[in-house]
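This briefing goes through one protein model by topic. Read it alongside the sequence and the coordinates.

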Amino acid sequence: MADDFETPRVLDEKMSEVFDWSDDSIPVRDALWDHYMEDNSHDTMKTESDMEKYLDMSDDDVKVDAEKLLKK
């Protein structure tokens, strides 16, 4: 039986493939996870909660939010 929803695929793409300003080879999901872990003193439960919203976002929305948070 297939899932009723589809996780945004951009989460699994390499940062460098999604953003022309990044040369990072880690997936967008990992970059966001690392950002939230650093931002909340490595609280795994808080980071997991912060990341849940990305599962319901469109690829475009994930890109916009990731760029806001990760572009230096």
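T47 lies in helix α3 of this predicted model. Its relative accessible area is 0%, so T47 is buried. Setting aside neighbours within four places in sequence, T47 is in contact with W33, Y36, M37 and N40.

**Helix α3 and its surroundings**

- Helix α3 spans 44–52, and the loop between α3 and α4 holds Y54.
- S49 is another residue found in helix α3.
- With a relative accessible area of 45%, S49 is partly exposed, whereas T47 at 0% is buried.

**Aromatic pairs**

- Two aromatic pairs turn up when the whole structure is searched.
- One of them joins Y36 and Y54, with ring centres 6.3 Å apart and 50° between the planes.
- This Y36 and Y54 pair is classed as tilted, because planes under 30 degrees apart count as stacked and those over 60 as edge-to-face.
- Y36 belongs to helix α2 and Y54 to the loop between α3 and α4, so the pair ties together parts that are 18 residues apart in sequence.
- Y36 has a relative accessible area of 8% and is therefore buried.
- Y54 is also counted as buried, because its relative accessibility is 0%.

**Packing of α2 against α4**

- Two packed helices are described by the angle between their axes and the distance between the axes.
- Helix α2 covers residues 28–39 and helix α4 covers residues 59–70; their axes come within 11 Å and cross at roughly 45°.
- The crossing in which α2 passes α4 is left-handed.
- On the α2 side the contact involves V28, A31, L32, H35 and Y36.
- On the α4 side it involves V62, D65, A66, L69 and L70.
- By class, the residues of this contact of α2 with α4 are eight nonpolar, one polar and one charged.
- Y36 thus has a place in the α2 and α4 contact as well as in the aromatic pair with Y54.

**Helix α1 and V18**

- V18 is found in helix α1, which runs over residues 15–18.
- A relative accessible area of 18% makes V18 buried, because the cut-off for that class is under 20%.
- Not counting residues up to four places away in sequence, V18 touches V10, E13, V28 and K63.
- Among these partners, V28 is also listed on the α2 side of the contact with α4.
- K63 is 45 residues from V18 along the chain, yet their C-alpha atoms are separated by 7.7 Å.

**Whole protein**

- The protein has four helices and zero strands.
- Along the sequence the pattern reads α-α-α-α.
- The protein has 72 residues, of which 29% count as buried.
- T47, Y36, Y54 and V18 are among the buried residues.
- Of the contacts with a separation of 6 or more, 38% are between residues 24 or more positions apart.

Terms used:
Residues numbered from 1 in each chain as written. Predicted model: local features only at pLDDT ≥ 70, side-chain atom pairs only at ≥ 80, totals over all residues. Heavy atoms only, no water. Axes fitted to C-alpha atoms, helices over the stretch in contact; angles between N-to-C directions. Helix = DSSP H or I, 4+ residues; strand = E, 2+ residues; numbered from the N terminus. Left-handed = near helix turned anticlockwise from the far one by under 90°. Contact = heavy atoms within 4.5 Å. Nonpolar A, V, L, I, M, F, W, Y, C, P; charged D, E, K, R; others polar. Phe/Tyr/Trp six-rings, centres within 6.5 Å; stacked < 30°, edge-to-face > 60°. Buried < 20%, exposed > 50% of the residue type's maximum accessible area, 1.4 Å probe, protein only.
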